Amino acid sequence: MIEAWQSQIKAAAAKGDKLAIVGSSASALPAVSTIDTRQHSGIVEYEPNELVIVVRCGTPLATVEKTMADAGQMLAFEPPYFGAESTIGGVVATGLSGPRRPYAGSVRDFVLGTKIIDGKGDHLSFGGKVMKNVAGFDVSRLITGSMGTLGVITEIAFKCLPLPKAQQTRVFDLNAADAIDKMNRWYGQAHPVTATTWVGGRLYVRLAGAAPAVKTAVEKLGGEALENDAAWWADWREQKHAFFAGETPLHRMSCKSTAPPLDDAEQAIDWGGAQRWIRAPLHDGAKARYWAKQFGGFATTQSAGSARQFSTEGLDPALLDVHAKIKASFDPYSVFPGLEKSPLLQAGEG
Amino acid sequence: MNTLTFDRPSEQAVNSTVDALKRSYGDRAITTHAIREQHSHGEGMQDAGMPDVVVFPETNEEVASVVKLCNQARIPVIAFGTGTSLEGHLKALYGGVCIDMSRMTKVLETNTEDLDCRVQAGVTREQLNADIRHTGLFFPIDPGANASIGGMSATRASGTNAVRYGTMRENILGLTVVTPDGRIIRTGTRARKSSAGYDLTRLYIGSEGTLGIITEIQLKLYGVPERISAAVCQFDELPNAVNTVITAMQMGIPMARIELLDSVQMDACIKYSKLEGFAAKPTLFMEFHGTDVYVAEQIEQMKSITADYGGSDYRFADKQEERTKLWKARHDAYWAGMSYTPGKQAFATDSCVPISRLAECIAAAKVEVDNSGLVCMIVGHVGDGNFHVQITFDPNDKDERARADKVAERIAHIAIKMGGTCTGEHGIGIHKLDALKVEHGEAVDVMRTIKKALDPNNIMNPGKTIPMQ
């Protein structure tokens, strides 16, 4: 498969065509032809006692997680699926992490190495299978979240962590401000908190780890137990919770975790306060962006059914220039879509 | 062909740049032999190459203006933190301007609620921890030396706490960087999720001053744990100590630190740091962080593992002074090794392998060491699969030096063959350029393309990190 893709990329480069990389969902980007990552699937290597799993890009996320769970391990960044067919390559390309993110780390913190085919058709290997590696530039992390703009990710090595032995979720009736305060206070303490979400006037705190540690934390923090909590967190992660339903656009804001709640907004708060969701009309997007910037972050608007795209919104010209140079280093013939729309970028490329 | 080139700039270009810097910076632009010599090397091997001038800027704008001047004149720029790198990162191969960051030592903000801070690049890790002690927070990354945060970022440093808290890579939220054309950019945000675009923060971390100069760093901080307990356990056989670590990692015991010292290293440390009541045997230094209950439980779990591998009873160090003494002894391992072998020089390997191959890799390294006839010590952050063999040799004996180089090369290759890396934390610098090619093959070409794209005149620390051809 790799050779076929290499030829396809080389041919596109020669003709000046665009190629889109797709996994389980169609790419929204304009392209003449596509590379379907699902054609390159399977687990290359998994020895649970190595704490490393190496997988091909088209492997379903469900297969990866099931294989690891059978050996008592997990991808600790808790990736969302957004569809049963979700592929592991898509997880890395989009860089999406779930509720455990502030407590365990994000996708890139668990990517130890990647193989990619760049825009010249070369198949290259970056990083490796070890926990620490400072040999050369950290290209694996640059690739993570690059949304297919730099190349086709063909293989990924992930760090694995053991599944927690015990888990319990406690629920607290609190207003938003008090919930933010609690989330931040508990973050700085040694409790085995692995997720926090405030929605509908209630703060949900997931505790997971060794049984005695969870038990002690339950006694210290209080709250009520949540029945069937695994299903609740899965719903939240997949945006199937009632909060995400409805026609009003959803604005996602990433900000410093102690930012105060927004007044008068229908909102939810998670990631220990570092991620906020606002339901508001589309024209409030600018307000959300302004608010997020004030609190050290940024905002994006998620309209129903739209695919996530690579965005360089809000970056200043010097940063855009660096982006253009990186894009050109990997994809000199612009075979992969992305980064060609901004006039600033074109200026930077010249 | 995709290559990097750099020729030593003309004397005239150097002189006019030095004159311009002296005019702008007065006594903050120094050309005395003593200062240039001091800035010509890191710790460890004496592979010095002197810069033509050392400048001491105080602001981002000053750094940018120095870099801009150098870019126009095609003069190399080498950033200098505290001079503790180990792989020749600071050697001015082509002369040029050394930018010493030691006047940029402000902790710009500490956000105790948000558990983060922003510092200038010249702040050292010990200065930062002293500065934030009253807040009940700490910054965990601890390479042996009291390095600057800028240098630690540029080399993607780690230390004894990495097994629990990660390395610089996981603990930096954003950077201010001066680009090779003298622009000031800010990557990342206060938010813990990176913003739009590529993760440039991660690209600059570990780029060893070859893509830009890091001038400010936004760091994550951590609450000082309710309970910290350190313990020492000794073993009769090295493999038993290593297998203890592997089992602990595979069980997911959240150790804060777990460090291995072989019998030779332990002997050196006992003598140098005056450690009492220990034998010169393979030893594990451990530290547990958490609540009282959590720490007690981790210790019980660890005890059952060490018992299976014939480990000794634990010697605990719960008081701050005792712990400080213990970890100082560990951090001084290199100097203990030097004092153990008077008249010798030494350098350290830096292999990192998948945890399941660690016992095999250390055993293979030990065979190389024994065959070499040289005095070597093994010490390591084994919880990450990373260990160092400190190889000592007589600098006046060419044969010893050659054998030392051979051992280091073979150990690096053994690690790479086991799916590992030649460098887990010290970096490439000038010493591991060949090993990087063995490890990454054609991928080095893309790294070189990135270097050329971002630094077209190749003025940023030329000749380091990425092989020229």
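Predicted model: local features only at pLDDT ≥ 70, side-chain atom pairs only at ≥ 80, totals over all residues.
**View 1. The extent of the contact between the two chains.** Chain A contributes 65 residues to the contact and chain B contributes 77 residues, and together the chains bury about 6,200 Å², of which 62% is on carbon and sulfur atoms. Of the area that chain A buries against chain B, 15% is supplied by Lys132(A), Val134(A) and Phe137(A), more than by any other three residues.

**View 2. The side of chain A that touches chain B.** Several elements of chain A each supply at least two residues to this side, among them helix 5 (107-110), strand 7 (123-127), helix 7 (176-187) and strand 14 (250-254). Helix 11 of chain A gives the most, with eleven residues, and by class this side of chain A has 29 nonpolar, 19 polar and 17 charged residues.

**View 3. Nonpolar cores and the surroundings of Ile149(B).** The largest nonpolar core has 112 residues, and those with the most contacts inside it are Phe158(A), Phe330(A), Ile149(B), Met168(B) and Leu219(B). A second, separate core of 51 residues includes Cys233(B), Met249(B), Ile378(B) and Phe393(B). In soluble globular proteins, nonpolar side chains tend to be buried together.

View 4. Ser334(A), in the loop between helix 11 and helix 12 (343-349) of chain A, has a phi near 50°, a positive value in a residue other than glycine. Glu208(B), in the loop between helix 8 (200-204) and strand 10 (213-220) of chain B, has a positive phi near 55° and is likewise a residue other than glycine. Ser334(A) is partly exposed because its relative accessible area is 24%, whereas Glu208(B), with a relative accessible area of 4%, is buried.

**View 5. Helix 10 of chain B and the residue that follows.** Within this helix, which spans residues 263-273, the buried residues include Gln265(B), Met266(B), Asp267(B), Ala268(B), Cys269(B) and Ile270(B), together with Ser273(B). Lys274(B) follows helix 10 of chain B and has a positive phi, near 50°.

**View 6. Thr324(B) in helix 12 of chain B.** Thr324(B) is placed in helix 12, residues 320-331 of chain B, and is partly exposed, with a relative accessible area of 41%. Although Thr324(B) and Ala230(B) are 94 residues apart in sequence, their C-alpha atoms are 9.9 Å apart in space.

**View 7. The surroundings of Ser86(A).** Ser86(A) sits in the loop between strand 5 (73-74) and helix 3 (88-94) of chain A, and counts as buried because its relative accessibility is 8%. Residues up to four places away in sequence not being counted, Ser86(A) touches Ser24(A), Thr59(A), Pro60(A), Leu61(A), Pro80(A), Tyr81(A) and Val91(A).

How values were computed:
Residues numbered from 1 in each chain as written. Chains lettered and ligands numbered in written order. Heavy atoms only, no water. Contact = heavy atoms within 4.5 Å. Buried area = accessible area lost by both parts, 1.4 Å probe. Helix = DSSP H or I, 4+ residues; strand = E, 2+ residues; numbered from the N terminus. Nonpolar A, V, L, I, M, F, W, Y, C, P; charged D, E, K, R; others polar. Core = buried A, V, L, I, M, F, W, Y, C linked by side-chain atoms within 4.5 Å. Buried < 20%, exposed > 50% of the residue type's maximum accessible area, 1.4 Å probe, protein only.
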